[in-house]
Amino acid sequence: RFTQKMKENYYVLSKRAVSGSFLPTIEILDMQNETEDSPLWPITPAIIDSINHEVSIGNQGLVFINRLGYSHYMQCLSCRHQFFCPNCSVGLKYYKKKNELHCQICSYSQQAPAICPSCGSLKFTHRGFGTEKVMESLRLANPKLRLSKFDRDEITTLTKLEETLHNFHDGNIDVLVGTQMLVKGHNFKRVNLVVVLGIDSQFNFPDFRANE
């Protein structure tokens, strides 16, 4: 609770610092009735309609998801075997482009198996989503969109960073999909739409920075 002294020095930022700018309108989309088995997951019709509208009038969009890779984990459909890091005992994240499993803590990686090491099944499922999966879903939803990924897997050098930002500012990219790199210190003049995916999982993540 605020003390009286704290209340006296507490200022509510009710408007933008830049004259003529407005605070955004925030719409919360309930994803409860959406299914992860949909090829477009986690992109919903409402999201793609909003993106298509902005692009059609010459604007751009940002899609923020604070997770790398394709899925949070890979699991056998038959015996439910999961893959864990031998060093950290945490679930390995799946990267579809490299067909690899990665540990987000110690950088351990291995080739994604074609056969379950526990039961020999050939069927796997992928749960959760990261920037790779979002890019795939957007391409399926609208193949005409000019997309670019903006995360530490894609932006590995200062040259790549500057090139991507330059292309976006020049209007050569319709939608940027990225992680925290995307939301800090940028001023995109033609961006009127920002999609934040998986916000509830970020709020509930057991980390002291979750509220931030």
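**View 1. C76 counts as buried, at 0% relative accessibility.** Buried stands for under 20% relative accessible area, exposed for over 50% and partly exposed for the range in between, with a 1.4 Å probe and protein chains only. C119 is in no disulfide, and its nearest cysteine sulfur, that of C76, is 3.6 Å away. A disulfide is taken as a pair of cysteine sulfur atoms within 2.5 Å. C119 is partly exposed, with a relative accessible area of 39%. Zero disulfides are found in a search of the whole structure. The model is predicted: local features need pLDDT of at least 70, side-chain atom pairs count only at pLDDT 80 or more, and totals for chains, interfaces and linings use all residues. Residues are numbered from 1 along each chain as its sequence is written, and side-chain values use heavy atoms, leaving out hydrogens and water.

**View 2. Four strands make an open sheet with parallel pairing, in the order β7-β8-β1-β9.** The edges are β7 (147-150) and β9 (191-196); each has a single partner strand, so one side of each is left without a neighbour in the sheet. On average, neighbouring strands of this sheet are turned by 20 degrees against each other, direction ignored. Strands (E, at least two residues) and helices (H or I, at least four) are DSSP runs numbered from the N terminus, and two strands pair if DSSP finds at least two bridges between them.

**View 3. Strand β1 (residues 60-64) runs parallel to β9, joined to it by five bridges.** The bridge partner of Q60 in β9 is V191. Helix α3 (residues 131-141) packs on the sheet and touches β1, β7 and β8 (175-178). The direction of α3 makes about 175 degrees with that of β7. Contact means heavy atoms within 4.5 Å. Axes are lines fitted to C-alpha atoms, for helices over the stretch in contact, and angles between N-to-C directions run from 0 to 180 degrees.

**View 4. Helix α4 (residues 158-169) packs on the sheet, touching β1, β7, β8 and β9.** Its direction makes about 140 degrees with that of β7. At 1.5 Å a residue, the twelve residues of α4 should span 16 Å, and the end C-alpha atoms are 16 Å apart, which agrees; the expected span is 1.5 Å times one less than the number of residues.

**View 5. T164, L165 and F168 are the buried residues of α4.** They cover an arc of only 95 degrees around the axis, which puts them on the same side of α4; the arc is that of the directions from the helix axis to the C-beta atoms. These buried residues pack against β1, β7, β8 and β9. L158 and T159 are exposed on the other side of α4. G171 follows α4 and has a positive phi, near 85 degrees.
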